[in-house]
Amino acid sequence: MAKPRLAVFKFASCDGCQLSVLSLEEDLLILDEAVDIAYFPEASSNMQPGPYDVALVEGSISTPEHIHQIAAIREQSKVLITIGACATAGGIQALRNWADADHFTKVVYTNPEYIESLSTSTPVSEHVKVDFELWGCPIDKAQLRHVLSDLLAGVMPRLPGQSLCLECKRQGHACVLVAKGEPCLGPVTRTGCGAICPAMGKACYSCFGPADLSFPHDREQANAASLAERFTTGLMMSEDEIRRRFQLIYSYMSPFKEIGRRDEEQER
Amino acid sequence: MSSRTIHVDMVARVEGEGALNVELEGDAIRHVQLNIFEPPRFFEAFLQGRHFSEVPDIVARICGICPVAYQMSAVHAFEKLFDVGIDPEVRRLRRLLYCGEWIESHALHIYLLHAPDFLGFDSALEISRTAPDVVKRGLRLKKVGDAILKTLGGRAVHPVSVCVGGFSRVPSKQALTKLLDDLHWARDAAVETVHWVAGLEFPDFDLPYTFAALKHGEEYPFNEGNIAVSGPDDDVLIPVAGFEQHFEEHQVAHSNALQCHYHGKPYFVGPLARLNINHGRLHPLAASTLAIAGLALPLTNPFHSIVARAVELLEAVVEAIDIIEGYTPPDRAAADFKVRAGECMAATEAPRGVLYHRYVVDADGLVKEAKIVPPTSQNQTRIEEDIRVLLPSVIDRDNAEVAHACERVIRCYDPCISCATHFLRLTMSRH
């Protein structure tokens, strides 16, 4: 039987998630035996055309050309997996979705007319069907291994979406929110990073995005509004401080999106 | 005159996406344009209005390969403005964190991205089919760098502990000591790496380059120093605060990255520049290993960058060992300071070269203005000039070979296009 064909694509991103593929270390050589790495420009000059069995997509859709490219990738790929916050949720550069993008271009470039960019940075799922999403900024290598092993075994992967607090408590860290009074986003953040910020004595800034509490029941969102309320009444944070806290890497994802916009809602 | 056009979709084994555009009319070169099409991400714009304390975690996201460099240039800038006294042990830990990044980034480039060019392969995975031990050594070296980053910062990509004033938490002596066995292995592996790459076959390509790198009184530069620019006689020393008076960024239509010049001319940053300017400050083991390898300094052939990178890999490993062996945890992970309004600049040595940051902050600590000059935008024009020099010698070959020769020059610079956009589909037309 022919080996499954794997492709790795990049859109707007920092390269950190596909670097996680190269950082699989000895497992990279095992992966190379198990699959045919057909397209991975960062690793190889030999770029083979599709179709592919599995496409890993890094980066957000942020130029007019991207929209056509992602559609072509979808057509050529049996399974399409987004890797990381940019591809899955628009990434940190989705902050421009809330700003005057023309202004943004002028801040960085003296001749904005040379720059071809969409006014928004959007998740891949807004353009094509995505079969599985890997969260994280960056993704966690253990989760990537898990997902690739599942796919090679012929099963659709499944990863936990529960709140980071469970992992943090299991590791026995003092609660950063309760004990230190810092605006920890752990209660509303998806597990997966390994609770590294609380382990470092720091408040979680949600690099894994909003928790998804839907499994095993219906889709249920983390209660970000309640946590924001706690920041207001308990930590005396200003509306702008709260907005900045929720509007960082996942500014374009519900329910963080709504927290970021609620001052505007009130004005209306 | 004969007319041909070549399109190669993307230059491989670089970080990020771009293109090279070469136009020839007969034997005359019309244009050489390094065309960075990696989309802009507008970091300097969305930093405005953010609190200085948020900046290290934001700027890390510019680059997944050198996030520590971005965090370091940022915190050093703010610490100058707020006049923060950094504990000497915390300062050493920051050097250790930087060692981790240099080790993982240099091992990645030497073994996975660059070596295939010298050995005639498309990828390191192909090398591993005939020489698995070489590739395994590279992957394990990378892992040693990643382990340092993980111990100090929680993870290798976008570590989380760096903050203005120090770290959110510092490691125990025991946690660092655990790294020593692997680092001792890495020291031998890095020496072998220097000898291995020094024995590769290099094209003749020596040019009278202008090099720029940080230079520090006693240390091989990571975090501090003046910017030294190589001259015909002595190096010119420029304080970091004067960077923008000497180095200017320009926008060109063919690239999403701004190009940076030194008094209107291209210059060269990165391992080759650093080694030429700072070889006198190498650790004795790195200096003697380089001497045995038999290359005379200064190195003026960009293909020797792989050797410079290997020497720096060794330098980072031995420095990491020294720091860990001498480590006593500081009393406090971060120093106290008072926020004040003003403008601040800092430059540190990212794996790929000088990384300059400037911020203007208000009395509340909110960023009003941010400017970031990454190494790849500084090397961009230098790469274009190198390709102009290369072309006449390869012009008689077929298009695929010309393209491959150009790509090889580009990869010597280890361009990080993700950083610079603010790299590579290759188009070549012959008229």
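1. Which domains does the domain assignment give for chain B? There are two: domain 1 covers 4–40 + 384–430, and domain 2 covers 43–378. Domain bounds of this kind come from an automatic or database domain assignment. The model is predicted: local features need pLDDT of at least 70, side-chain atom pairs count only at pLDDT 80 or more, and totals for chains, interfaces and linings use all residues. Residues are numbered from 1 along each chain as its sequence is written, while chains are lettered from A and ligands numbered from 1 in the order in which they are written.

2. The C-alpha centres of domain 1 of chain B and domain 2 of chain B are 26 Å apart. Their contact takes 28 residues from domain 1 of chain B and 27 residues from domain 2 of chain B. Two residues are in contact if their C-beta atoms, placed from the backbone, lie within 7 Å. On the side of domain 1 of chain B that touches domain 2 of chain B, two or more residues each come from strand 3 (28–35), helix 13 (375–394), helix 14 (399–412) and helix 15 (417–420) of chain B. Helices (H or I, at least four residues) and strands (E, at least two) are DSSP runs, numbered from the N terminus. By class, this side of domain 1 of chain B has 14 nonpolar, six polar and eight charged residues. Ala, Val, Leu, Ile, Met, Phe, Trp, Tyr, Cys and Pro count as nonpolar, Asp, Glu, Lys and Arg as charged, and the others, Gly among them, as polar.

3. Helix 13 and helix 14 of chain B also touch one another: their axes come within 10 Å and cross at roughly 145 degrees. Axes are lines fitted to C-alpha atoms, for helices over the stretch in contact, and angles run from 0 to 180 degrees between N-to-C directions. Helix 13 of chain B gives B:Ile383, B:Asp386, B:Ile387, B:Leu390 and B:Val394 to the contact. Among the residues from helix 14 of chain B are B:Val402, B:Ala405 and B:Val409. The residues of this contact divide into nine nonpolar, no polar and two charged.

4. Between the chains, 48 residues of chain B are in contact with 50 residues of chain A. On the side of chain B that touches chain A, at least two residues each are supplied by helix 1 (43–46), helix 2 (55–59), helix 4 (88–119), helix 5 (124–130) and helix 6 (132–153) of chain B. Helix 6 of chain B gives the most, with five residues. The classes on this side of chain B are 19 nonpolar, 13 polar and 16 charged.

5. B:His51 lies in the loop between helix 1 and helix 2 of chain B. Leaving aside neighbours within four places in sequence, B:His51 is in contact with A:Arg244, B:Gly365 and B:Leu366. B:His51 is partly exposed, with 15 other C-beta atoms within 10 Å. A residue is buried if 20 or more other C-beta atoms lie within 10 Å of its own, exposed if 12 or fewer, and partly exposed in between, with C-beta atoms placed from the backbone.

6. Chain A has twelve helices and five strands. Of the 268 residues in chain A, 50% are buried. Chain A is divided into domain 1 (5–152) and domain 2 (164–267). The contact between them takes 14 residues from domain 1 of chain A and 15 residues from domain 2 of chain A.

7. In helix 11 (residues 239–246) of chain A, the residues A:Ile242, A:Arg243, A:Arg245 and A:Phe246 are buried. Why are they on the same side of helix 11 of chain A? They cover an arc of only 160 degrees around the axis. The arc is that of the directions from the helix axis to the C-beta atoms.

8. The peptide bond from A:Gly50 to A:Pro51 is cis, with omega near 0 degrees, and A:Pro51 lies in the loop between strand 2 (36–39) and strand 3 (52–58) of chain A. A:Ser254 and A:Pro255 are also joined by a cis peptide bond; A:Pro255 is in the loop between helix 11 and helix 12 (256–267) of chain A.

9. A:Ala195 is not a glycine, yet has a positive phi of about 55 degrees. A:Ala195 is buried, with 22 other C-beta atoms within 10 Å. Phi of A:Met236 is near 55 degrees, but A:Met236 counts as exposed, with 9 C-beta neighbours inside 10 Å.
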